[in-house]
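Please keep the sequence and the model at hand while reading.

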Amino acid sequence: MTSIELLPDELLLDIFELLGVKDRGRCAQTSKRFRKVSQDETLWQKLNLDEKEVPSQFLELAISRGLKYLSFRCAKLSGHQNLPIDTKSVKYLNVSCYNSWGYKANEEELTALVSCFSSLEKLSLGFLSMKNPAIINCILQNRETLKVLDLTECRDLTLELIKDIVRNCDQLTEVSFWGNNLCQSAIAFICDNLTPYIEKINFSSSRLCSENLSDLVVRCKKLTELELDHTMITDEAVTSIIEYLPQSLVSLVLPDQISFSKVVDVCKKMPKLKKISYIPPVPEDADYDLDLDNSRLIELENKFPHLKIGKNWGSI
């Protein structure tokens with residue numbers, strides 16, 4: 001018997017949790033005890049299979065052992081697919097089909113996978129096409145449990161599809177429409193009809209205008225996080241944020257056309273605010289000046305030391 005086999009099961013579990021899926025499988029082949037430990041349900045609750053080719057049989061096994069969190073970004077299923085229907089154990093699913101190297105998954109191969117879950121609480125569909133009916137059906141069949149929906153840069157999101165999502169997913173607390181290229185009518189429908197219980201929303205890189213944002217904050221007074229980088233809003237819309245969200249908003253990302261004085265106003269009048277991200281606008285008659293940019297941020301930091309302040313490309 002080796003020294004590691006003298007360890008209690010609790011410590012072996014801690015060690016196995018640090019191993020990747022393949023390494024656990026290799027360990028399971030070395031002894032009956034290791035095989036038993038490797039089958040413990042706590043080791044199967046979270047699986048990160050990003051950018052891997054995964055045998056369908058392995059995923060079926062994981063689901064049968066109580067899988068709850070599955071990250072399947074840019075991954076591929078191989079072999080005959082016989083996934084269980086109406087799987088309720090899985091609560092988190094990420095099937096985004098793009099990575100930093102530009103790789104895109106075969107979206108048609110995801111159809112069987114996304115169709116077998118019905119109790120998801122968090123769903124990430126970044127960069128997928130909404131033309132695939134299975135993707136929309138996945139959203140709608142989880143509408144009673146879905147809390148977080150990530151639609152980052154999803155393609156082909158029409159007004160009618162947005163209406164289906166917003167009308168049916170009334171349990172959402174967090175949603176991202178980042179970079180969706182939504183039409184103005186779709187954005188207006190979201191802001192007029194989204195569940196008032198929403199807490200976090202990302203509209204960055206969209207056609208969101210001041211009127212849309214004003215309608216949104218009047219309706220959704222529980223908002224704690226707003227990301228509005230590269231939108232069309234003006235100082236007027238920021239005034240609405242100050243008026244309607246002073247007791248809820250914790251984190252705010254603003255576009256660079258917002259005046260510095262209005263940002264100062266936000267920092268003064270939003271007592272719950274902890275983070276703000278912003279790049280001061282450059283005067284029309286001046287070249288970009290990094291020192292001026294940084295000096296404005298330093299000025300904010302000095303005036304409001306309780307806030308975490310960064311530039312609007314994610315430094316906070």
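**Sheet and overall fold**

Eleven strands form an open sheet with parallel pairing, in the order E1-E3-E5-E6-E7-E8-E9-E10-E11-E12-E13; strands pair if DSSP finds at least two bridges between them. The edge strands, E1 (46-48) and E13 (308-310), each pair on one side only. From one strand to the next, the twist averages 5°, with axes fitted to C-alpha atoms and angles running from 0 to 180 degrees between N-to-C directions.

The model is predicted: local features need pLDDT of at least 70, side-chain atom pairs count only at pLDDT 80 or more, and totals for chains, interfaces and linings use all residues. Residues are numbered from 1 along each chain as its sequence is written, and side-chain values use heavy atoms, leaving out hydrogens and water.

- Strands E7 (148-150) and E8 (174-176) pair in the parallel sense over 3 bridges.
- Opposite Val175 of E8 stands Leu149.

**Helix H8**
- Buried residues (under 20% relative accessible area, 1.4 Å probe, protein chains only) of H8 (184-193) are Ala186, Ile187, Phe189, Ile190 and Cys191.
- These buried residues pack against helices H7 (159-168) and H9 (210-219).

**Whole protein**
- The protein has 12 helices and 13 strands, which are DSSP runs of at least four residues (H or I) and at least two (E), numbered from the N terminus.
- Of its 316 residues, 47% are buried.
- Among contacts (heavy atoms within 4.5 Å) between residues at least 6 apart in sequence, 62% join residues at least 24 apart.
- Carbon and sulfur atoms account for 50% of the accessible surface of about 16000 Å², computed by the Shrake-Rupley method with a 1.4 Å probe.

How values were computed. Buried means under 20% relative accessible area, exposed over 50%, partly exposed in between (1.4 Å probe, protein chains only).
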